[in-house]
Amino acid sequence: MQGSMLETPAADGLAPAAWRDTLSAQLATDEHLLGWLTLNLDSHLQYTDSLLVLTDRRWLFCGTGAQSCRSWPLRPDLFLKLQDHAGVGSLELMDEHARLARWRYTLDRHPQALQLLARHEALRQPSAEPPPPAVAAKDSQAPRASSLFRLWRFARPYRRQLSIGLILTLIATGASLVPPYLTMPLMDEVLIPFQNGAPIRWDLVTLYLGGLLASSLIAWGLGWGRSAILARVSERIGADLRTTTYQHLQQLSLQYFGGKRTGDLMARIGSESDRICLFLSLHLLDFATDLLVIVMTAIILLSIDPWLALATLAPLPIILWMIHWVRDRLRHGFEKADRVWSDITNVLADTIPGIRVVKAFAQEKREVARFREANDRNLAINDRVNALWSLFTPTVTLLTELGLLVVWVAGIWLVSRQAITVGVLTAFLAYISRFYVRLDSMSRIVSVTQRAAASSKRIFDILDHVSSVPEPANPRPMERIQGHIELSHIGFRYGNRSVIQDLSLDIAPGEMVGLVGHSGSGKSTLVNLICRFYDVTQGAIRLDGVDIRQYAISDYRRRIGLVLQEPFLFYGSVAENIAYGRPDASRADIIAAARAAHAHEFILRLPHGYDSLVGERGQALSGGERQRISIARAILIDPPILILDEATSSVDTATENEIQKALDNLVKGRTTISIAHRLSTLREADRLVVMDSGRIVEIGGHDELLARNGAYARLYQAQLQGTLPPSRPTERPDDEDDDEP
């Protein structure tokens, strides 16, 4: 049962690797997996791994250790109850009388739980369409070769060149089939009469050999032209595919990237597109040629002798059935291999940028073991695919040899009865050899086609994704921006959790507002909404009286300068990083921005000044130096709105003073929103906004809020005493800072 289960997309294509053996042992061969949820809390809220599965027959729960799997058959009266409290999600299986089971998980699993709930509800509704397999929920349905036809949108601009290539392919293929046909008269009219005592007719020899040479030269010339044209076109299709995919990726919201691994996305744009390009430039051309040769050869054979042709083509239905049979299994195998290869890339994408952390914690052996585990999974899957392919290929070869044997037997019998001539038999053997060679070649292309189809599907998974922050249909042009920001009863939900609740705030042009609150209070979420990294789920954010969703996203964000706690620098020179938001800036403007950011002096001390390379992610610079370059980058674009997100929290006091001087220059005349855990850095703010659980609890100046002896005063006193109140679980527990959705 395990072998059959692992061949199904449900068990191997979806379920987590750690649970596949368990599911293979538990599920029947014809039982379909509709959805699953990986649980990480037990009934005592201790971290432990378990799995909840929905099939077309039952609910199945599997724990670890000594726990056995339990199941509940599906009934019309079963329903799920979903709720969350204090950062913990709860899923209860109920009937009309009692609660049958309850499972708990951290809220990072909540989107998966919602999908599982939706699938169960679809099963309970008789009028609803039957739910698709769980593989569709994960958007990893096994790819079909038809997904390659979607590439036509990239081939359409080159249809003229493709038409020329197709015509050349047709003519070249026809020319390549002329030589076997000329062997018939060469045998029957020249060689066999010569053996019977007649003189050789050199005029016929010259004619037929000249025809052989001419057809070969024509086939060579047209084949060269065809290959050059189609290779050039396929490279451009591949380049367009990569560019379009990367461009679409840049337009997706942060929500999409939050659920993806960097290595997986790099593999899709890089190796997957290369695989498609190789298929289009080489294998598709071979496939088209093989198909034409097979069709034309079959027509010629039928025209020469229909009965011998039918005997010759006898193994063909068996070969076609085998191609169809192996194609489905290769399709699943290559999809699994692509996913495992992404796991390998993910390990590299994690450990190479984080090599300093790996070495600091002496985890080299652990990371090597993690890489070896992913590599072994890749090896195991490829071994299964190769085992199937190694059986298929010799079998096709055997059938083609049997086909040649049939031709010899039938041909000798027909020649003995003088039904055909030796020349006809010779031509038949020549044609059938080409026929089966091309058939064998086309059968080998099946694996390449399925691999390319898997790559095509993974790329279109990106292209089909719609951004959760859409562009307006008719964007409103941005006139001169004053910087008046109005938040009107806004709300934001992540899943079914409310992160920002009925929040209203009015920020005047040029005003500096400080956002304070404990970790998880909603500060960074509010900033992300103002930057329109996410869209509010209720209410509206207005800039100078206009809803920001009416502006083109790029136009709107160009009016915002963002200085983050951890500044990101790109590999390149100091000047290129400062001018990132304004690539056409002059060197004088770059230097002026660096002076304003108090960065000019340390830049001049670098080996090549402004042309010095900063290293990957700015590793050649200190944290304070990277931050001042980040501030210079914001100064250069001269934004009317400025957002400072913990800009001085990760540096020492002396560096903080330098950065604070740079920030003082930056905030002049701009609407500024600043987040800081060090409350002392916000004393110059016009107003302080104190947040708690996604709401505003206090607004006022520093002295005014201290006099109220409320939430701000408690935060301030706790910071003076060196303690802070514990974080409240109002937002995702895996956020890097405090509350980014």
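How many of the eight residues of helix 17 (residues 523-530) are buried? Before I answer, a word on the basis of this talk. This is a predicted model, in which local features need a pLDDT of at least 70, side-chain atom pairs count only at pLDDT 80 or more, and totals for chains, interfaces and linings use all residues. Residues are numbered from 1 along each chain as its sequence is written, and side-chain values use heavy atoms, with hydrogens and water left out.

Let me turn to the helix. Eight of the eight residues of helix 17 are buried, so this helix is largely enclosed by the rest of the structure. Buried means under 20% relative accessible area, exposed means over 50%, and partly exposed lies in between (1.4 Å probe, protein chains only). Helices (H or I, at least four residues) and strands (E, at least two) are DSSP runs, numbered from the N terminus. Among the buried residues of helix 17 are Lys523, Asn528 and Ile530. Just after helix 17, Arg532 takes a positive phi of about 60°.

I come next to charged pairs. Side chains of opposite charge can pair when their charged atoms come close. A salt bridge here is a side-chain nitrogen of Lys or Arg within 4 Å of a carboxyl oxygen of Asp or Glu. The whole structure holds 18 salt bridges. In one of them, Glu511 joins Arg687, with the closest N and O atoms 2.5 Å apart. This pair links distant parts of the chain, 176 residues apart: Glu511 lies in the loop between strand 9 (497-507) and strand 10 (512-516), and Arg687 in strand 16 (residues 687-692). Glu511 is buried, because its relative accessible area is 12%, whereas Arg687, at 22%, counts as partly exposed.

Elsewhere, Arg75 meets Asp77 in a salt bridge (3.0 Å, N to O), and a network of salt bridges links Arg75, Asp77 and Asp95. Arg75 is partly exposed, at 36% relative accessible area.

pLDDT is the predictor's confidence in each residue, from 0 to 100. The protein averages a pLDDT of 77, and 85% of the residues score at least 70. Over residues 127-143, however, the pLDDT is below 50, and this stretch has 40 contacts in the model beyond near neighbours in sequence. A contact means heavy atoms within 4.5 Å. Residues 724-741 also stay under 50, and for them the model has 55 contacts beyond four places in sequence.
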